[in-house]
Amino acid sequence: MSKQAVLWINGTFYTPGKIIRNGSMLVNTEGKIESIGSNPIDSPPNTLVKDLKGRTILPGFIDIHVHGGDGFSVMNATFEDLNGMSIFHAKNGTTSFLATTTTSSREKTQNALDCAARSLKVGLNGADLLGVHLEGPFINEKRRGAQNKSEIRKPDLVELEDYLMASGNSIRLVTIASEVENGMKAVNYLADKGVTVSIGHSDATFQQVNEAVSNGVSHTTHHFNGMRPLHHREPGVAGAGLMLTELTTELIGDGIHVHPEVVKFLFETKGAGKVCMITDAVFCAGLPDGDYDSVTVSEGQVYLKDGSSLAGSSLTMIQALKNVMNFTGYSLEQILPSLTLVPARQIKVDEYKGSLEKGKDADFLIVDDELSILSTCVKGREVFSSEHEIESITN
Ligand SMILES: [Zn+2]
């Protein structure tokens with residue numbers, strides 16, 4: 001939060017459904033957007049005025065599926081890890097995120113959730129932590145991808161309740177295979193608690209997905225990856241995600257996890273309003289090619305060492321945006337909701353995140369014509385600049 005209101009003038013602002021040229025945005029001392037519109041707009045005395053000189057302002061990206069980056073990992077369960085990844089991803093356009101777990105022992109999962117709960121209270125120095133995405137352990141072994149096979153378990157409501165407690169009720173999204181024993185019970189339990197339920201790492205049939213949707217599932221995890229694929233006699237999870245309008249589909253837009261033509265097809269079929277772009281980035285995102293622990297990074301792609309599966313990505317949100325614009329031929333304003341309003345809506349934070357609108361957090365990016373990020377601001381506070389050092393940040 002800045003102690004002074006800031007009036008940003010002479011910018012091109014991307015707001016929902018409208019690009020405001022020669023616009024201004026007033027950010028109040030609470031780090032919220034007080035007003036936004038064409039020049040000039042009123043501001044209180046003592047307001048700091050900053051001239052954008054025609055540059056473009058985008059709403060910050062919201063990554064609801066990210067495990068780490070720059071050597072840091074959610075599962076290490078330390079504040080330094082969450083803080084480190086929040087700074088790395090802020091540099092790449094993310095202004096808020098869900099700390100995403102992976103299939104692990106009960107103890108390790110609990111530790112990661114404890115850490116997220118503590119970090120939520122303190123706040124991070126980069127992107128804003130919004131809570132947790134629990135990916136596993138309640139998934140189908142058959143579609144595990146790189147998830148740890150020995151730790152996959154059947155959904156257990158007591159265990160889920162413990163996790164919700166440990167996280168300080170900050171679990172906003174759970175990836176689950178609804179077709180396994182107790183799966184639907186868990187779907188109902190979570191939906192009742194207001195947690196968004198995503199079907200993923202799942203071998204469900206179309207009929208089983210349909211049933212899950214009628215029990216409250218509204219999302220799919222990294223669509224096409226780790227799920228029963230589309231077959232014309234059994235559309236599976238992949239087909240159900242395409243056909244059922246209740247489902248919003250996550251997408252890893254690196255062109256490797258999903259072929260560029262299929263990315264285009266997904267946008268054309270679902271529309272940007274039902275595609276939720278994520279990175280699924282792991283700790284080695286941002287690190288050079290090489291061998292790390294159990295994975296190998298080669299040409300920016302992350303594989304299990306035995307080569308049996310992709311193991312997350314090294315993608316960033318800004319790179320995903322550029323890729324998907326390129327794959328689809330869609331414009332910036334057409335793709336933008338998939339990185340902003342859609343994730344905000346899916347995890348129910350769209351009242352205060354996800355767009356440049358009056359009353360919302362001033363989470364925004366200043367970019368040049370090539371979409372290089374010049375500055376990232378979270379709740380009005382600059383957390384990254386390509387042009388100068390960021391003054392020491394205190395929470
Ligand atoms: Zn993941």
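Strand E1 (residues 6–15) is largely enclosed by the rest of the structure, because eight of its ten residues are buried (under 20% relative accessible area, with exposed over 50% and partly exposed in between; 1.4 Å probe, protein chains only). Strands (E, at least two residues) and helices (H or I, at least four) are DSSP runs numbered from the N terminus. The model is predicted: local features need pLDDT of at least 70, side-chain atom pairs count only at pLDDT 80 or more, and totals for chains, interfaces and linings use all residues. Residues are numbered from 1 along each chain as its sequence is written, and side-chain values use heavy atoms, without hydrogens and water.

Two strands are taken to pair if DSSP finds at least two bridges between them. E1 pairs with strand E2 (residues 18–27) in the antiparallel sense over seven bridges, and Leu7 stands opposite Leu26 in E2. The hairpin of E1 and E2 has two residues between the strands, and Gly17 takes a positive phi near 75 degrees there. With strand E4 (residues 48–51), E1 forms a parallel pairing over four bridges; the bridge partner of Ile9 in E4 is Asp51. E1 also runs parallel to strand E5 (residues 56–59), to which two bridges join it, and Thr12 has Thr56 in E5 as its bridge partner.

A further open sheet consists of eight strands with parallel pairing, in the order E6-E9-E10-E11-E12-E13-E14-E15. Its edge strands, each pairing on one side only, are E6 (61–66) and E15 (275–278). Within this sheet, E11 (residues 171–176) and E12 (residues 196–199) pair over four bridges, with Ile176 opposite Ile199 in E12.
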